[in-house]
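Me: Hey, can you walk me through this structure? I'd like to start with the residue that a record flags.

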Amino acid sequence: MAGQRVEVDGGILEGGGQILRISTALSCVLGLPLRVQKIRAGRSTPGLRPQHLSGLEMIRDLCDGQLEGAAIGSTEVTFTPEKIKGGIHTADTKTAGSVCLLMQVSMPCVLFAASPSELHLKGGTNAEMAPQIDYTVMVFKPIVEKFGFNFNCDIKMRGYYPKGGGEVIVRMSPVTQLNPINLTDRGSVTKIYGRAFVAGVLPFKVAKDMAAAAVRCIRKEIRDLYVNIQPVQEPKDQAFGNGNGIIIIAETSTGCLFAGSSLGKRGVNADKVGIDAAEMLLANLRHGGTVDEFLQDQLIIFMALANGVSRIKTGPVTLHTQTAIHFAEQLAKAKFTVKKSEDEEDSSKDTYIIECQGIGMRNPNL
């Protein structure tokens, strides 16, 4: 099975962990031996961090593959995948490294496994520079399931920066093939809801203040909808360490979902956290796309593997999305086009259609 190694330059485009995630996932699914060089070359701490390493090791274990050069700080790894088995696997970042990013690298792989999988992912659930687990469950999950699969995500423990300590269990069954998706009709916003949380020693008032500030900010722009943001005190036995944050979701008449979120940091007042999330949501509602800026790049790998033509309408195409498209074309040989949307209602906006002729990947292990 091992043919010519595919060479990936980890320093181009996004130049970070995302290149490693998408190239490893595609290598595993397609059975392509891989070498990634210049990993996170331009970052302040170059090379593999604990969360990247734990993700790589889980993918290796999922498919009984061989992994070389996998150590903290390493800037080059080679990976030789074998048959994807499924079963129970654990990935522990031992830091606040994001469980959502671990899910991002592993999900395409377990979809093409021989049997159902149960992934125990440990680290941060609500961490900076990554989706929050609430985003994964409330936005990513219902949209990605349109590709024709279901998964279950059980949040056992929430974990925050810097301690981590969170755990989620993801269960999913393999598929024969993925269906293409067509997300081009935005509809109108029908609901806005969310949750503002505090965990650990932070007072409940912080959650109420974040929620109230976010609601005030949204009301300035969207007056005719009830905005329901619940303040939440995370139960002591379901949260490790201290944290606060907020996620706000807008749902449309056609089932599109958009989010804005923010996490509290030391010295940042609660109102600002709430307003940041609200402004992010409002910005994602202005561009006329059907997905927000964070979902864009997460859908690319599934579009590439699906059987047929997928289309999504987006706002400005992010660097993460350009990166995902580049590697999906290089490794999976899928064909993508990105064009300005020609719909009348989008003419004044920065709106694009990303179209992909998927490769119709069939599960060789089923």
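**Walking through the model**

Reply: Histidine 320 is partly exposed, with a relative accessible area of 32%. On this scale buried means under 20% relative accessible area, exposed means over 50%, and partly exposed is in between, using a 1.4 Å probe and protein chains only. This is a predicted model, where local features need pLDDT of at least 70 and side-chain atom pairs count only at pLDDT 80 or more, while totals for chains, interfaces and linings use all residues. Residues are numbered from 1 along each chain as its sequence is written, and side-chain values use heavy atoms, with hydrogens and water left out.

Me: What does UniProt call His320?

Reply: An unreviewed UniProt entry annotates His320 as "active site". UniProt positions are in the numbering used here, feature names are shortened, and annotations may be inferred rather than shown by experiment.

Me: Where is histidine 320, and what is it in contact with?

Reply: Histidine 320 sits in helix H8, residues 319-332. Helices (H or I, at least four residues) and strands (E, at least two) are DSSP runs, numbered from the N terminus. Leaving aside neighbours within four places in sequence, histidine 320 is in contact (heavy atoms within 4.5 Å) with Glu14, Gln18 and Asp297.

Me: Where is the kink in H7 centred?

Reply: On leucine 299: H7 (residues 293-305) has a kink of about 35° there. The bend at a residue is the angle between axes fitted to the seven residues ending there and the seven starting there.

Me: New topic: cysteines. How many disulfides does the rule count?

Reply: Zero, where a disulfide is a pair of cysteine sulfur atoms within 2.5 Å. Cysteine 28 is in no disulfide, and its nearest cysteine sulfur, that of cysteine 109, is 3.6 Å away. Cysteine 28 is buried, with a relative accessible area of 3%. Cysteine 217 is buried too, at 11%.

Me: Which way does phi go at leucine 13 and lysine 333?

Reply: Leucine 13 has a positive phi, near 50°, and lysine 333 has a positive phi of about 60°. Leucine 13 lies in the loop between strand S1 (6-9) and helix H1 (17-30), and is partly exposed at 37%. Lysine 333 is in the loop between H8 and strand S16 (335-340), and is exposed at 57%.

Me: Last one: in what order do the five strands of the open sheet come?

Reply: The order is S5-S6-S8-S7-S12, with mixed pairing. Two strands pair if DSSP finds at least two bridges between them. S5 (87-92) and S12 (239-240) are the edge strands, each pairing on one side only.

Me: How do S6 and S8 run?

Reply: Antiparallel, with seven bridges joining S6 (residues 117-123) to S8. Serine 117 has methionine 172 in S8 as its bridge partner.
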